[in-house]
Each structure stands twice: as C-alpha cells, then as structure tokens.
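Below are some notes for a colleague who has not looked at this structure before. They are meant to be read with the model open.

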Amino acid sequence: MVTDLSQTPLPRLIQGGMGIAISSWRLARAVASRGHLGVVSGTAIDRVVACRLQEGDADGSIREAAEAFPDQSLATRVLQRWFKPDGLKNPGSYKPVPMFSISPPKALLELATFSSFCEVWLAKQKAKGPIGINLLEKIQAPTLPILYGALLAGVDTVLMGAGIPRDIPGLMDQLCQHETCSLRLTVEDGPAADIPFDPSVVEADLPALNRPQFLAIISSHVLAMSLARSGGVDGFIVEGPIAGGHNAGPRGWKYESHQDPVYGPKDQVDLDRVKSLGLPFWLAGGKDDPDSLAQAQELGAVGIQVGTAFAFCSDSGMNDSIRRRAIAYAIAGEVETRTEGRGSPTGYPFKTLDLPGTEGGRDPAIRQRQACAHGYLRTAYQKEDGQVGWRCAAEPEADYVRKGGDPADCEGRRCLCNGLLATAGYPHAMRLGGGLELPLITSGMIRDLPRFLNGKDDYNANDIIDHLCSQTTTTPNLLHTAV
Ligand SMILES: Cc1cc2nc3c(=O)[nH]c(=O)nc-3n(C[C@H](O)[C@H](O)[C@H](O)COP(=O)(O)O)c2cc1C
C-alpha cells in the first residue's frame with residue numbers, strides 16, 4: 001500500500017534524523033512547530049529512554065508520554081524497571097539494557113516499543129508540521145518494536161537509510177494492521193534468518209493505524225530505481241557524500257582497501273533518472289545556504305534535508321558542553337570533519353569530527369578495546385553449530401576472532417554505540433580502565449556553522465529555518481503542493 005501523496009502536502013524542509021538522540025523529540029518538535037518535517041532518531045532509543053529514566057526523568061516528559069501509552073500495564077512495568085527518582089548513584093553507572101537478538105526478552109521488546117512511542121508522542125505535542133522517525137536498515141534486530149512504537153504514536157513519516165530497505169514498506173503495512181510479522185536478518189556465512197515480532201506485546205484493543213509515508217535515503221539512482229520497482233516507497237532523500245553521519249562508499253571503494261574514501265564525478269546521482277521515477281525527492285548534504293532550497297527545487301526536488309546545522313543548535317539532543325565547544329572550535333576554524341573509511345563497524349564510511357577531547361580527536365587505535373554493552377552494530381553470523389551468533393568489528397579482537405571474524409576487519413574500528421551515546425549526554429562507565437566513555441561526534445561541514453550565529457554565541461532551530469527559508473519562492477512543486 002503506497003500512501004496517496006497527491007492528497008498530502010509535502011514539506012520543503014526536512015530536519016534529518018540524527019542518531020543517537022541528536023535529533024531528539026525537542027528538536028523535531030521545534031522544527032515541526034514551524035510547519036516543517038521534524039524527525040526523531042529511532043536508533044538505540046530504548047537505551048536512551050532507559051538512561052533518561054535512570055537519571056530521574058527530570059522534566060517528567062517520559063512519565064507524561066507514558067500516560068498516553070495504549071497499554072498502561074506495560075508502561076508501568078517499564079517505569080518500575082528503569083525509573084530512578086533519585087537518579088544515578090555515580091556518573092555513568094547505568095544498569096545495562098539487554099542486547100537485541102533473534103528472540104529478545106519480552107522486557108526489551110516492551111522497552112523498545114514504549115521508548116519510540118514516547119519519543120514520537122513528545123515530538124508531536126504542539127507540532128504544526130509532521131513528525132518522522134529515522135532508522136538505519138543495517139541495524140536490523142531492534143527495527144520492528146521501534147517501528148511499532150512509533151506507529152502507535154501516529155508517526156507521519158518513516159525514513160530509512162544505510163542499506164536497502166526493500167522489506168520495510170510491507171512490514172509497515174503489517175504493523176499498521178497489528179499483524180505478527182518477521183524481518184529478514186542478514187547472517188554472515190549462512191542463510192538469512194527471521195526475526196519475528198508480535199504486536200500483541202502491547203495488550204490493547206486498537207483500530208488499524210494510518211500508514212505513514214516511507215522515504216528511502218539513497219545515494220545512487222540505481223538504488224532509487226530498484227526500490228521504486230519493489231514498490232511501497234513514497235519518495236527519496238538523495239544524500240550526497242558531504243552529509244554528516246554514515247555515507248555510501250564511492251564507486252569501486254571497499255573498506256578492506258584501508259583507504260579513506262575519495263569521491264568523484266562518478267558518484268554523482270543522476271537526478272533526471274530519479275525524477276523520471278515520478279516520486280518526490282529531497283536533496284541532502286551541505287544544503288544549508290539560503291539559496292539551497294530554490295536550487296534543489298530547480299533540479300526537480302521538493303526540497304532539502306539538513307542535518308549538521310541542526311545537530312549543533314540549542315534544540316539538539318547533543319550534550320550542551322560538547323556542543324558549545326564544537327561551535328567554539330568551528331568559529332576558530334580549528335576543527336575538521338574526516339570521512340573515515342574504517343571507523344564504523346557497519347563498513348560504511350563515517351564522518352568524524354576531530355574535536356580534541358573526543359574519540360574522533362585521536363587515533364582509533366588508542367582506545368582500549370573493550371566489550372560494548374549495547375551491541376547495536378553487531379552483525380549476525382552463523383556459528384559452527386548452525387546457531388546465529390553476534391560479533392562486532394569494534395569489540396576486542398580476540399573475541400571477534402574467536403567468533404570466526406577476520407582480525408583484519410578490526411583495524412581502525414571505533415565503538416560507535418558508546419561514543420554516540422556519550423555525545424548525547426549518556427556516557428557509560430568504561431568496563432576496563434575506569435572513567436567514562438569519550439564522546440564521538442559525527443558531523444558534516446561544521447566550518448559553515450558561524451553563519452547561523454549572526455553575531456550571537458548560540459543559535460536555535462528557528463535561526464536555521466529563518467536562514468534556510470529567507471529566499472524561498474512559494475511556487476508549488478510540479479507534483480505536489482509543498483508546505
Ligand atoms: C550528528 C549526525 C547524526 C546523523 N545520524 C543519522 C542517522 O542516524 N540516520 C540517518 O539516516 N542519517 C543520519 N545523519 C544524516 C542526516 O540525517 C542528514 O541527511 C545529513 O546530515 C544532511 O547533510 P548535512 O549534514 O550536510 O546537512 C546524521 C547527521 C549528523 C550530522
């Protein structure tokens with residue numbers, strides 16, 4: 001079932017989904033309150049909400065959202081498990097959340113469903129515009145409960161990149177009908193496996209839900225054409241290589257090459273081919289000039305998706321002192337973004353900011369490798385006994401090799417789970433060596449940030465929107481009327 005977009009006004013500006021918890025409900029709400037598409041990140045949202053609850057839920061927002069959750073017994077169980085009115089005893093001493101697997105414990109399914117519900121529900125309060133949720137295709141095990149929670153909260157748009165999200169539209173259709181469904185899990189060295197999800201984890205008598213729009217994030221027209229043929233995709237975010245976060249590798253590049261990626265003309269997306277598919281699309285990656293929107297529309301796009309500018313604004317979920325330090329370094333021109341070929345265990349290039357005092361400000365080999373308590377970027381592999389095991393190229397090399405992994409995979413890998421959680425203000429105590437995990441910042445072209453400051457020392461989502469929309473024409477898109 002494809003949403004009938006001719007009836008739906010399309011946003012010209014999308015605030016990109018940014019994990020972990022950088023595009024939090026507050027940022028998405030600020031953007032949507034101006035009528036644009038605000039997007040929360042669904043990545044590791046179970047862990048983020050568990051952290052917020054353990055810190056005492058100071059603003060009461062999660063407990064407020066919990067009251068709207070359709071299954072009050074489930075909401076009570078989650079609060080009983082994770083809410084600590086007095087906060088953490090020691091910095092970083094969070095209780096571990098179990099990792100996802102093929103058959104995760106019921107308590108984890110409950111937490112994941114509840115958490116994405118709360119994040120979307122909070123973003124939607126007082127929002128004039130639509131709210132979306134962003135997920136990464138590469139992270140498969142938590143997808144269905146997180147998606148289901150977002151659907152229960154009435155999410156308007158689902159955006160997914162970092163992979164080929166061919167099965168997601170069909171799964172969304174099933175989840176909207178509260179049907180049990182299964183996600184195909186990629187298993188290295190073995191056949192794919194199924195991860196089932198039964199929506200009756202939420203015990204409530206619910207009507208069928210509205211199917212949100214589904215936007216696939218792509219960096220090649222070939223992938224756009226293939227996804228359009230598969231059906232169920234309502235539009236595309238066409239993301240270029242200077243965008244923050246993960247990027248698609250350049251043509252012919254392999255992470256095994258041990259080279260940082262270099263992009264050339266062959267990596268340019270043929271927008272005429274994308275346009276010929278007849279689906280709306282938005283351009284992303286360095287589209288934060290006052291004329292970016294008009295230029296994108298001239299090329300046939302409905303509008304633009306912007307990330308980096310929003311990541312460092314005061315409405316972002318980034319820890320405030322890290323954010324302000326990054327801005328200060330950007331003003332001084334003393335910070336750079338590097339596209340690391342081997343940093344992310346996903347195998348995709350990853351933009352890393354070299355801010356001193358963060359993981360990206362030093363050689364990846366320096367961090368003492370240690371087991372990660374989150375395991376979001378583990379890949380599934382087939383064990384000798386035929387069972388599915390899990391390994392991550394950023395875990396201690398001996399563990400990875402014991403699980404049949406190639407030691408060459410481990411070189412240069414960073415623990416993104418811990419680094420990104422720390423950037424959002426949830427640094428976990430290190431298992432070895434004491435201290436807290438260091439933040440790791442991903443970012444696009446940060447040197448351009450001073451333009452949003454306008455002589456001030458900080459800026460918010462409104463400043464960005466005013467800047468981006470200052471030269472906008474009101475000409476409607478040929479296919480649709482953009483708001
Ligand atoms: C801090 C940060 C985190 C990001 N995380 C994600 C993510 O989790 N999923 C995703 O699809 N894109 C992610 N992105 C990409 C953005 O959604 C957006 O497409 C991109 O930032 C646009 O390019 P720009 O950074 O030049 O504005 C991230 C970007 C940043 C800056």
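**Notes on the ligand site and the sheets**

1. Start at the ligand, where one of its oxygen atoms is 2.6 Å from an N or O atom in the side chain of Glu239. Please keep in mind that this is a predicted model. Backbone atoms also take part: Gly286 places a polar backbone atom 2.7 Å from an oxygen atom of the ligand, and for Gly244 a backbone N or O atom lies 3.1 Å from an oxygen atom of the ligand. On its own the ligand has 600 Å² of accessible area, and the protein covers 94% of that.

2. How many residues surround the ligand, and which are the closest? The shell has 20 residues, and the closest are Asn134, Glu239, Gly286, Gln305 and Thr308. By class, the shell divides into 13 polar residues, 6 nonpolar and 1 charged. Two strands, β3 (131-136) and β11 (303-306), each supply at least two residues of this shell.

3. Both of those strands belong to an open sheet of 8 strands, with parallel pairing and the order β1-β11-β10-β9-β8-β4-β3-β2. Which strands stand at the edges? They are β1 (13-15) and β2 (38-41); each has a single partner strand, so one side of each is left without a neighbour in the sheet. On average, neighbouring strands of this sheet are turned by 25° against each other, direction ignored.

4. The pairing of β3 can be followed in detail. β3 runs parallel to β4 (residues 157-161), and 5 bridges join the two. Helix α6 (residues 143-152) lies across β3 and β4 and runs at about 180° to β3. Another helix on the sheet is α8 (residues 221-230), which touches β8 (213-218) and β9 (235-239); the direction of α8 makes about 155° with that of β8.

5. There is also an open sheet of 3 strands, in the order β6-β14-β15, and its pairing is mixed. Its edge strands are β6 (187-188) and β15, each of which pairs on one side only.

6. Within that sheet, are β14 and β15 parallel or antiparallel? β14 (residues 379-382) and β15 (residues 388-391) pair in the antiparallel sense, over 4 bridges. Thr379 stands opposite Arg391 in β15, while the bridge partner of Tyr381 in β15 is Gly389. The hairpin made by β14 and β15 has 5 residues between the strands, and Gly386 takes a positive phi near 90° in this hairpin.

7. Two backbone features in loops deserve a look. Most residues other than glycine have a negative phi, and most peptide bonds are trans. Against that background, a cis peptide bond joins Gly19 and Ile20, with omega about 0°. Ile20 lies in the loop between β1 and α1 (25-32). The other feature is at Ala44, a residue other than glycine whose phi is positive, near 60°. Ala44 lies in the loop between β2 and α2 (45-54).

Notes
Residues are numbered from 1 along each chain as its sequence is written. This is a predicted model: local features need pLDDT of at least 70, side-chain atom pairs count only at pLDDT 80 or more; totals for chains, interfaces and linings use all residues. Side-chain values use heavy atoms; hydrogens and water are left out. A residue is near a molecule or strand if one of its heavy atoms lies within 4 Å of it. A polar contact is a pair of N or O atoms within 3.5 Å; within protein, one must be able to donate a hydrogen and the other to accept it, and residues adjacent in sequence count only if both atoms are side-chain atoms. Accessible areas come from the Shrake-Rupley method with a 1.4 Å probe; for residues, only the protein chains shown count as cover. Ala, Val, Leu, Ile, Met, Phe, Trp, Tyr, Cys and Pro count as nonpolar, Asp, Glu, Lys and Arg as charged, and the others, Gly among them, as polar. Two strands pair if DSSP finds at least two bridges between them. Axes are lines fitted to C-alpha atoms, for helices over the stretch in contact, and angles run from 0 to 180 degrees between N-to-C directions. Contact means heavy atoms within 4.5 Å.
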